[in-house]
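Have the viewer open as you read.

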Amino acid sequence: MPDSFSQRHGLSGPPPGTLVRDEVPVSFRVFLADLPHAHLGIEFHDMQKVVCEVLQEWPDEQLPPYYDSKRRIKKCEWFRIYEIIEGLYVLLRDKEGPHRGYTGSFVKAISEAFVSRNIGWQLDYNGNVVTRGDESFERIIEVADRELANRQTTRARIQEAIKDLSRRPQPDLTGAISHAFAAMECIVGDILYTPEEIRENTHHTFGSFLKHHPDLFPSEDFKDGFQRLWKYANNEGSRHGKEGIEPARDEAELVVSLAVALVTYLNRKHPK
């Protein structure tokens with residue numbers, strides 16, 4: 001797909017404002033419907049097949065595939081758009097086999113379209129549409145995912161938190177906080193105890209951890225801040241959630257990002 005004027009001249013920076021997650025801008029629906037024109041390995045009949053399978057509808061044999069797909073993309077519920085994208089990825093992956101040129105181009109085109117339209121989703125290279133935060137949030141998650149290779153359980157808990165934030169049509173915000181708390185518990189337990197001791201005692205407190213490592217943080221303010229994070233994540237997201245009280249999305253993202261930053265810090269201080 002040729003670059004636009006704004007892309008060629010570096011004028012396509014992220015637009016201001018809150019990221020869009022529970023709707024789809026009209027411009028993105030138009031972009032998606034026109035993907036067969038973009039030489040990404042998608043044919044008009046392929047698009048129609050995927051759209052109809054996702055929507056569980058019969059194709060309209062009276063219309064050319066392009067127009068049939070376009071009218072369905074125009075009117076379907078917002079979260080179906082992201083299911084169509086995942087379906088198109090699977091289509092390209094299966095057509096290519098081990099050769100992934102089209103899927104790579106497809107991921108790049110979709111992700112750039114998300115950014116340019118201020119959409120809070122991204123397409124990963126496994127073909128999943130997952131939540132996208134601001135640049136700092138994405139950087140924290142990326143670093144943790146790379147550095148926690150030797151602590152797969154902790155890493156998996158962080159990935160589950162991202163999955164909970166990515167659920168459609170409604171994210172599981174309490175679940176995201178719960179998994180962020182679990183990631184903190186996992187790494188603290190792994191640092192403090194042997195596998196046998198962990199199996200016997202699955203409850204690891206931050207206070208007991210700090211008793212073993214009193215000089216872990218550069219100041220008491222840092223220590224106090226993370227103790228309060230631990231308490232909030234425990235109360236709001238794990239054992240003591242309150243009926244009818246759901247954290248806001250920005251609160252959940254903040255807890256996840258802080259928890260991931262703490263886990264990464266502890267992993268660097270106590271490498272495995």
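Helix H3 (residues 44-55) packs against helix H4 (residues 65-75) at an angle of about 35 degrees, and their axes lie 8 Å apart. Axes here are lines fitted to C-alpha atoms over the stretch in contact, with angles from 0 to 180 degrees between N-to-C directions. Helices (H or I, at least four residues) and strands (E, at least two) are DSSP runs, numbered from the N terminus.

This is a predicted model: local features need pLDDT of at least 70, side-chain atom pairs count only at pLDDT 80 or more, and totals for chains, interfaces and linings use all residues. Residues are numbered from 1 along each chain as its sequence is written, and side-chain values use heavy atoms, leaving out hydrogens and water.

Which residues of H3 and H4 make the contact (heavy atoms within 4.5 Å)? H3 brings Phe-44, His-45, Met-47, Gln-48, Val-51, Cys-52 and Leu-55, while H4 brings Pro-65, Tyr-66, Asp-68, Ser-69, Arg-72 and Ile-73.

Now turn to the largest pocket, with about 900 Å³ of space. On a 1 Å grid over the protein atoms alone, a pocket is an open set of points where a 1.4 Å probe fits, with protein on both sides within 12 Å along at least five of seven lines; lining residues have an atom within 4 Å of a point. Grid points are joined across faces, edges and corners, and the volume is the space filled by probe spheres set on them. Of its 29 lining residues, Gln-122, Asp-124, Val-130, Glu-138 and Ile-162 are closest to the centre. H7 gives the largest share of the lining, eight residues.

Overall, the protein chain has 13 helices and two strands.

Conventions. Contact means heavy atoms within 4.5 Å.
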